Amino acid sequence: MSRFIPVNRHQVYLLPPSVDEWLPEDHLARFVVEVIEQLDLSRLTSRYQGRGSAAHHPAILLALLVYGYATGVFSSRKIERATYDSVAFRFLSGDTHPDHDTLAHFRKTFLVELEDLFVQVLSLAQAMKLVKLGQIALDGTKLKANASKHKALSHSHIEKLEAQLRDEVQALLQKADETDAVDDRDGLDLPDELARREDRLKALREAKAKIAERAKPRDAQAEQAYEDKVSRREAQRQAGQKPRGPEPKAPVAGPKPDDQINLTDEESRILPSHEGFVQGYNSQAAVDVDTMLIVATTVTQQTNDKQQVEPMLAELKKLPDALGQAEALLADTGYFSAANVQACERNRIEPLIAMGRDSHHRPLAERLAPDAPEPTGDDPLEKMAWYLKTREGKARYAKRKCTVEPVFGIIKQVLGFRQFSLRGLDAVTGEWKLVTMAFNLKRMHILARVV
């Protein structure tokens, strides 16, 4: 007697199937649809002019992209294929099948509007009592650009290539003078070969010009620093003091030999990371400590995190008042500077920024020792240094590592997002908003079920 469940793939149903019955009630795809239905998409729909054939509604395309990023499907071609293969994607699209060109065009076109939608999702989370600003943990992660680091050229290497191409052009011109035929005996199409090298030389000249343009702010900063040093030493001489150290040297303006540009995505940079050096961007995120929801994001080309505190404070100020006021900013030692501490104070946010690396396995007597007395001065740097060494301060700061770092781990390991699909700083900034919004929706889905 057979104990197997019978299967009939040619079964004809008496009643037509219902799209609403395809997924469990608590499925993430249902939650994505419910959230997007509550968003104000008027800024998206107003961009459609109503001419030509009927278009897919922005709510459908947004739901497909958000769910795709939340489940590790980033390619527009894979999302299009999933509308046929995946029950969840079929549910999201209402059994329609937007092609990959439509999805890719939608993603590129509405990058600016994603910032407003990101804030709307946070406001909805606040209405669901899932988030309220309090302690914010800040950190950054390096993400690869849609470009290979092997397509990056340094200024010195560009000059070598230019010299090589000029020699080749001269050799081809000499060869053209030696033959009357368009195609010589070696089978070379001389006009085509010359045109190809001239195009290459033009691209290299443009790359050098862009490198030189990038060097101008650095030159201005170096010149200002030099003038400040000279003026300080001159003031010391006038006061009858002898300046210490050697005389400052005037900076050399212009690009340096190792200044680089990438020919695929010229706005990306070579950045150090725990994986070595990557061609990419430095993606920043501010995470609510209590809920692990991302409340603000930025993307920068700079390697150093020290300059990212004030831009993030500006992003936090843009959030609606209903979300509350950030009370404290937790950040590692890479963000520490006196200017950043003062910036937090000006924004009425308590700075909890590590001033150095703490040693592990401290002696028992040191760990059990009572807190030092609070300093009597008004210096915010001195107060923060004291508070971070207290038991309360250590306990609060310890929450940084178990909130923002797991968020990046989930985005990279669980969602699988390690490389941008778009190119250019503005484009990847919009895509980073899409990634973090997808993460927030997935996180909200989990928190809503827990509550």
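Helices (H or I, at least four residues) and strands (E, at least two) are DSSP runs here, numbered from the N terminus. The model is a predicted one, where local features need pLDDT of at least 70, side-chain atom pairs count only at pLDDT 80 or more, and totals for chains, interfaces and linings use all residues. Residue numbers start from 1 along each chain as its sequence is written, and side-chain values use heavy atoms, with hydrogens and water left out.

Let's start with the second largest pocket. A pocket is an open set of points on a 1 Å grid over the protein atoms alone, where a 1.4 Å probe fits, with protein on both sides within 12 Å along at least five of seven lines; lining residues have an atom within 4 Å of a point. α9 (190–238), β3 (260–262) and β4 each give at least two residues to this pocket's lining, and α9 has the largest share, with six. Of the 21 lining residues, Arg214, Arg218, Asp259, Arg269 and Gln301 lie nearest the centre.

| Lining class | Residues in the second largest pocket |
|---|---|
| Nonpolar | seven residues |
| Polar | eight residues |

β4 (residues 269–273) and β5 (residues 276–288) run antiparallel, joined by five bridges (strands pair if DSSP finds at least two bridges between them). A hairpin of two residues links β4 to β5.

Just after α15, Gly416 has a positive phi of about 80°.

Conventions
Nonpolar A, V, L, I, M, F, W, Y, C, P; charged D, E, K, R; others polar.
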